[in-house]
Amino acid sequence: MPLSIQRLNAHQTHPNDRIIFIKPLPGPDSKYAQDFLSRIAAICKPIMTSSHLSVTTLEEYEPNREFIGRNFNNGEIIQLVLKSRS
């Protein structure tokens, strides 16, 4: 886990120990988005482990026309657009 951060009171098992927080947008599709982000985190785990990468927050971002994902502070926060505008 990056930055010597320890999770206390975790409600579920985490799919990737190199990602601290996984945050979907609040709303009716939040459980689906949480599941999708967890699957993305699980797929990325071998790559992150072998490359010694860590991410503080993987989160969903609201639909827009400019980008499908963005990265702040060298992976501190990664935001992904999971839904279309329609």
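This is a predicted model: local features need pLDDT of at least 70, side-chain atom pairs count only at pLDDT 80 or more; totals for chains, interfaces and linings use all residues.

**Notes on the model**

1. G69 counts as partly exposed, since its relative accessible area is 34%. Leaving aside residues up to four places away in sequence, G69 is in contact with Q79 and L80. G69 and L80 are 11 residues apart along the chain, yet their C-alpha atoms are separated by 4.2 Å.

2. Now step back to the whole chain. There are one helix and four strands, and from the N terminus on they follow the order β-α-β-β-β. Of the 86 residues, 27% are buried. The accessible surface comes to about 6300 Å², and carbon and sulfur atoms account for 54% of that. If you take the contacts between residues at least 6 apart in sequence, 35% of them join residues at least 24 apart.

3. Next, the charged pairs: the chain has three salt bridges. One of them joins E59 and K23, whose closest N and O atoms are 3.9 Å apart. E59 belongs to strand β2 and K23 to strand β1 (residues 19-23), so this pair ties together parts that are 36 residues apart in sequence.

4. Another salt bridge links K83 with E60, at 3.2 Å from N to O. K83 sits in the segment after β4 and E60 in strand β2, so parts 23 residues apart in sequence are tied together here. E60 is buried, with a relative accessible area of 4%, and K83 is partly exposed at 33%.

5. R39 and D35 also form a salt bridge, with 3.1 Å between the closest N and O atoms. These two residues are four apart in helix α1, which means about one helical turn separates them. R39 counts as exposed at 53% relative accessibility, and D35 is partly exposed at 36%.

6. Finally, have a look at the second largest pocket, which holds about 190 Å³ of space. Which residues lie nearest its centre? They are I19, C44, M48, V55 and I78, out of 13 lining residues. Helix α1 (30-51) and strands β2 (55-61) and β4 (77-81) each supply at least two lining residues, and α1 gives the most, with four. By class, the lining has 10 nonpolar, three polar and no charged residues.

How values were computed:
Residues are numbered from 1 along each chain as its sequence is written. Side-chain values use heavy atoms; hydrogens and water are left out. On a 1 Å grid over the protein atoms alone, a cavity is a set of points where a 1.4 Å probe fits but cannot get out, and a pocket is an open set with protein on both sides within 12 Å along at least five of seven lines; lining residues have an atom within 4 Å of a point. Grid points are joined across faces, edges and corners, and a volume is the space filled by probe spheres set on the points. Ala, Val, Leu, Ile, Met, Phe, Trp, Tyr, Cys and Pro count as nonpolar, Asp, Glu, Lys and Arg as charged, and the others, Gly among them, as polar. Buried means under 20% relative accessible area, exposed over 50%, partly exposed in between (1.4 Å probe, protein chains only). Contact means heavy atoms within 4.5 Å. Accessible areas come from the Shrake-Rupley method with a 1.4 Å probe; for residues, only the protein chains shown count as cover. A salt bridge is a side-chain nitrogen of Lys or Arg within 4 Å of a carboxyl oxygen of Asp or Glu.
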